[in-house]
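Dear colleague,

I am handing over the structure below, and my notes on it follow directly after. Please read them with the coordinates open beside you.

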Protein chains: 2
Amino acid sequence: MGNVLVVGAGGVSSVAVHKMAMNPDIFGPIHLASRTKSKCDAIAASVKARFGAEVTTHALDAMDVAATVALIRQTGAEIVVNLALPYQDLVLMDACLEAGVNYLDTANYEPEDEAKFEYSWQWAYQEKFREAGLTAILGSGFDPGVTSVFATWLRKHKLKTIRQIDVLDANGGDNGQAFATNFNPEINLREVLAEARHWEGGEWKTSPAMTHKVEFDFPGVGPKNMYLMYHEELESLSTHFPEIERARFWMTFGDAYITHAKVLENVGMTRIDPVMHDGKEIIPIQFLKTLLPDPSDLGELTKGKACIGDIATGEAADGSGEKTFYIYNICDHEECYAEVGSQAVAYTTGVPAMIGAAMVLKGIWREPGVWNMEQLDPDAFMDMLNTQGLPWQVEELDGPVAF
Amino acid sequence: MGNVLVVGAGGVSSVAVHKMAMNPDIFGPIHLASRTKSKCDAIAASVKARFGAEVTTHALDAMDVAATVALIRQTGAEIVVNLALPYQDLVLMDACLEAGVNYLDTANYEPEDEAKFEYSWQWAYQEKFREAGLTAILGSGFDPGVTSVFATWLRKHKLKTIRQIDVLDANGGDNGQAFATNFNPEINLREVLAEARHWEGGEWKTSPAMTHKVEFDFPGVGPKNMYLMYHEELESLSTHFPEIERARFWMTFGDAYITHAKVLENVGMTRIDPVMHDGKEIIPIQFLKTLLPDPSDLGELTKGKACIGDIATGEAADGSGEKTFYIYNICDHEECYAEVGSQAVAYTTGVPAMIGAAMVLKGIWREPGVWNMEQLDPDAFMDMLNTQGLPWQVEELDGPVAF
């Protein structure tokens, strides 16, 4: 059992904090900090109402390293769980090093003024964390996160090597809005409109955003159009499992979503550079975020299921030749909302964040250094997925994917 | 010949000022004022380069009545030609009354915070202008403007009465942009997204925006989808020609334009109320205007033709029963650009503004009061359309429109 400091008070944070409060044998006093303390207070009030548990809240500008170090020391936290914006990853890693505590996040660092998704900035902290005897866990959400743990579990128990892997993310949920993203619209649209990129034959292959579409029949969700796009686990999987010949990421989008995203791009509303307007610099995508519904307000309205998983092909562990496995979780928006007051997209990210922090606090993942999820032993994490609301299934397919 | 003060320095103003300079027998010294003097200077430089004529430029905040009065007196203008935003109509009418000069505009007054199109505010100035012995001409663009003069000309020469009238506005131009409006995007989107309204059987009938679509084969342009929408001449035509049973306005839009407009409305980017963003009030549609291409920059890129006109049905002047006439102008984007450096949408508005001002300066339209275009004798105006770049044609149709 250990103290924890969660930074950030959006939908994912709310789920993670609720789930921590549901596991008092693992998580000691829970501290929650964000620039807007009232958002922390709302989460704390919900936790109190649902489970009678206390969450201590704080106002914190996470860009202020000295203030963060002081708060870490004040709370006695053993780990900082970073559920703020990815722009803040590096400053929070700095604060953890200075305060001498462990670190966990769910999304890789991005510079605010560039839609560039890569681990180089965070991997550069490897020696610092190792020398300090501290552990930093990168990308402990669902994708990235569970999708990497799934791959590692398959590689440990079912396949000797992985020749090719496809990560498939389907959200069959309907929130009834003309247009609303399922998580932070700024982060969502930056991802979706970025050039598609996948790993194949030892190099990155690129294609224009949203141009490669395949229909796939998802368990629990049904047939959906999914689009090839870049996602950060492709970099860590292809780095840590060098035998991988091809790694791709697919996400489902409805036609209306695609139309909205393209129009917003056409008119410049997804630009991440500042525009002078009426004497003030405005970053268009941030103003768009102000206009769009807050995804965490849509939990109550969202119906349907999400299904995220991996299809991996490789040499079977039992020496029976090449085999293909599909490993996935199906998550129901309304059930998530009933349990913790958030829909499945926040739930599927927040629960693995809690489990990753539990792995560190329990001492199971405590090797000093900076780690992606596929570098760590998957078994205890996989067990907790089953008991903490994200049960998974694995099935053998007839052969490799045909798309 | 008389001095003129043009207020506003957008695309329409540029056309009107160029055409005034091409008619030195009518227009004395030309003065041009706008909040941003550099925009006036650019127009003056173009006029100088093309025709060797002088335009005197001034910085003016048109919302400041005292400053406007002072400038009118300084310039010795006999008429103020208001080509600024429609929000400024009333303050400029006030300034004209105080300075004792005539007034002309191309679009009816709108309050900035309400998309409400009606003449009531400006018609309320009728007595003031009459008592002052001054003339105010409202809506001397193409639509409104020429479309009303067309109706009056038909009613004077071809039809005793007008039973039904359709105004048809087709822009067959292509500017090569993913999305760009042909005139001020703020004004354009306010119009397009407003509830459709037409006059029928003595009352206004309404329907949701962009829901009533008809394909029409436009002379010079070809078949285009046109949409029923409200436009301000419907109010003045049905008021001044009380025999009209049905008056409708149609404008063409491509599918991509409709999609962009609907998406922008869905996400709130066409809102005209202020939104708090990062500690400052932002009006979304004004920020959208900042992001979109400036229509006056697209002149060089625009190809194709525009066709605007009226189809009117009524009792024939010669007693031969009911007849239907189609009267229209065809305008070529590239020819306009070659002549005055603007595309056809600005040209078709700016030329009638110049002609309306010429009617006042020549003493042809000098009855004291506030007048819509269909209240004035059309013949001299129609002659000038033919000689000033907007030649018109009239043809008899087999019967009333079938749509």
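In this predicted model, 24 residues of domain 1 of chain A are in contact with 23 residues of domain 2 of chain A, where contact means heavy atoms within 4.5 Å. The assignment places domain 1 of chain A at 2-138 and domain 2 at 146-344 + 389-397, with bounds that come from an automatic or database domain assignment. Taken over C-alpha atoms, the centres of these two domains of chain A are separated by 23 Å.

Between domain 1 and domain 2 of chain A about 1800 Å² is buried, and carbon and sulfur atoms give 51% of that area; buried area here is the accessible area (1.4 Å probe) that two parts lose on being put together, summed over both. On the side of domain 1 of chain A, the residues that lose the most area to domain 2 are A:R50, A:F117 and A:W123, which together make up 32% of what that side buries.

The elements that give two or more residues to the side of domain 1 of chain A that touches domain 2 are α1 (11-21) and α2 (37-51) of chain A, and α1(A) gives the most, with five residues. Helices (H or I, at least four residues) and strands (E, at least two) are DSSP runs, numbered from the N terminus. The residues on that side of domain 1 of chain A divide into twelve nonpolar, five polar and seven charged, where Ala, Val, Leu, Ile, Met, Phe, Trp, Tyr, Cys and Pro count as nonpolar, Asp, Glu, Lys and Arg as charged, and the others, Gly among them, as polar.

Turning to the interface of the two chains, 24 residues of chain A are in contact with 24 residues of chain B. The area buried between chain A and chain B is about 2100 Å², with carbon and sulfur atoms giving 77%, and A:V267, A:H277 and A:F287 supply 29% of the area that chain A buries against chain B, more than any other three residues. Across this interface of chain A and chain B there are two salt bridges, and the side chains of A:K280 and B:D278 meet in a salt bridge at 3.9 Å, N to O. On the side of chain A that touches chain B, two or more residues come from each of α10 (255-266), β13 (275-277), β14 (280-282) and α11 (284-291) of chain A, and α11(A) gives the most, with six residues. That side of chain A divides into 14 nonpolar, seven polar and three charged residues.

Some local features also deserve a look. A:H198, in strand β8 (residues 196-200) of chain A, is buried, with a relative accessible area of 11%; buried means under 20% relative accessible area, exposed over 50%, partly exposed in between (1.4 Å probe, protein chains only). The side chains of A:H198 and A:E200 are joined by a polar contact of 2.7 Å.

Most residues other than glycine have a negative phi, and most peptide bonds are trans. The peptide bond from A:D143 to A:P144 is cis, with omega near 5°, and A:P144 is in the loop between β6 (135-138) and α7 (146-157) of chain A. In chain B, a cis peptide bond joins B:D143 and B:P144, with omega about 5°. A:M210, which is not a glycine, has a positive phi of about 60°, and at 7% relative accessibility A:M210 counts as buried.

Residues are numbered from 1 along each chain as its sequence is written, while chains are lettered from A and ligands numbered from 1 in the order in which they are written. Local features need pLDDT of at least 70 and side-chain atom pairs count only at pLDDT 80 or more, whereas totals for chains, interfaces and linings use all residues, and side-chain values use heavy atoms, with hydrogens and water left out.

With best regards

Notes: Salt bridge = Lys/Arg side-chain N within 4 Å of Asp/Glu carboxyl O. Polar contact = N/O pair within 3.5 Å; in protein donor to acceptor, adjacent residues only side chain to side chain.
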